[in-house]
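Here's a quick tour of the charged side chains in this one. Have the viewer open and follow along.

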Amino acid sequence: MVRSLKNPKKAKRKNKQGAKKGEGSSSSDSVPSLPAKVWQPGVDKLEEGEELQCDASAYNSLHAFHIGWPCLSFDVLRDSLGLVRTDFPHTVYCVAGTQAEKSSWNSIGIFKLSNISGKRRDLVPDKIGDENADMGSNSSDSDEEEEEAGQVTPVLQLHKVFHEGCVNRIRAMTQNPHIVASWGDTGHVQVWDFSSHINALAESRSDLSHGASAVSNQAPLFKFGGHKDEGYAIDWSPLAPGKLVSGDCKNCIHLWEPTSGATWDVCAKSFIGHTASVEDLQWSPTEPSVFASCSVDGNIVIWDTNMKNPLAATIKAHKADVNVISWNRLASCMLASGSDDGTFSIRDLRMLKEGDSVVAHFEYHKHPITSIEWSPHEASTVAVSSSDNQLTIWDLSLERDEEEEAEFKAKMKEHVNAPTDLPPQLLFVHQGQKDLKEVHWHSQIPGMVVSTAADGFNILMPSNIENVVPANVA
């Protein structure tokens, strides 16, 4: 149940991106160059004089930015720039809610990040020079190569709308991304129409940065105060436009039905199936009346609003709080869940009647899972963020192949003794952010991941994710 950010501080703009521990920091020239070593978070410790270095070759693109106060939650907005985009530079639109030091300083940021540069890298380079075998090399030539790789600072354009209190969670409607719902720590759920801001950003010049805009006052389309407490769980239906569910810390869930005139009919009778705070909600990607909820009580509940008794199934999911869930939209039988004890599990819902529906369970993270989300382009790939300051990407279809590993190491001329106890499904580890809170894939840019933390946002594209776009992508 790790939610709020500790002592939020307003981010200060840095002159050079990536100049922080674990994200591109460079060693002093006086320190002799040593062979590279794979560093295991939670296992290895940094000795005095040592610091982590980011291997830029692991990314097709990596950028850091912030919008002022840290954001506990954000969402990536669908746009009209193309359903499947693979060529650099990229442009993304997002909406985010702040966690400011004072309640009256909070806002919702609607922003456009353009000129996101990068370089598509081969998984196995054709030619590997001996001089590049040492990944710990810190020569100026490597810095120049990164400049040539296109790591140019993106252009941020930002609009701010005043929000009463901190934003616990924020979600944009899939079908109409200018319609956004926010859960506030005041106990209110509000729905907003940000079409004017998005249109203004779309029409603005992409070479002009506007990162310090004034906060405007805008009335929400709808405001609901029927919850008994604040909450964090909220989700728009991917099948029925305007349909929404919201859950609070008093274990109540309310169903929202859209009506004419941009208003909602919120069912006064709440769905009660949990004995503690409802932490996350997810609609089924295939059944418009079905959604799932998870709770501090350690359970996941499947609901069907068409049934007389809507509580369809209760699953004892984890030994600790279930913080987050994600329903796979490419393989609708798969549901992922992340717990406060650092574990996350994958369930095949077709096996519920047989008892044990768990098909995969991982204990890699040692701190609470704060976010989990299936890839919109690869049915077996999931991204996970944790309070251990790691963002990990997993491919559940992978199995260890010692012969293939040996062949790869020989081709790479690898001299690093890589750990052998890591799960073979662990595809990528990203670090450098403090107090990671949420991660989302970009549904229109295969392989792009955006994350938020106490020290701002990262946008990354790992080089080892093969972006095979399914034929039915929409």
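Which side chain does R169 meet in a salt bridge? D280, at 3.3 Å from N to O.

## Ground rules

This is a predicted model, where local features need pLDDT of at least 70 and side-chain atom pairs count only at pLDDT 80 or more, while totals for chains, interfaces and linings use all residues. Residues are numbered from 1 along each chain as its sequence is written, and side-chain values use heavy atoms, with hydrogens and water left out.

## Salt bridges

Searching the whole structure turns up seven salt bridges (a Lys or Arg side-chain nitrogen within 4 Å of an Asp or Glu carboxyl oxygen). R169 sits in strand β6 (residues 167–172) and D280 in strand β15 (residues 278–283), so their bridge ties together parts 111 residues apart in sequence. Both R169 and D280 are buried (under 20% relative accessible area; exposed is over 50%, partly exposed in between, with a 1.4 Å probe and protein chains only).

D79 and R85 make another bridge, with their closest N and O atoms 2.8 Å apart, and both residues are buried.

Then there's K243 with E257, at 3.7 Å from N to O. K243 is buried at 10% relative accessible area, whereas E257 is partly exposed at 31%.

## A negative patch

On the surface, D401, E402, E403, E404 and E407 gather in a patch of negative charge (residues with over 30% relative accessible area and no salt bridge, like charges joined within 9 Å). D401 lies in the loop between β25 (391–395) and α3 (402–412), and is partly exposed at 36%.

Terms used. Patch = residues over 30% accessible without salt bridge, like charges linked within 9 Å, V, L, I, M, F, W, Y side chains within 5 Å. Areas by Shrake-Rupley, 256 points an atom, 1.4 Å probe, with all protein chains shown as cover. Lys, Arg positive; Asp, Glu negative; His and termini not counted. Charge placed at Lys NZ, Arg CZ, Asp CG, Glu CD. Helix = DSSP H or I, 4+ residues; strand = E, 2+ residues; numbered from the N terminus.
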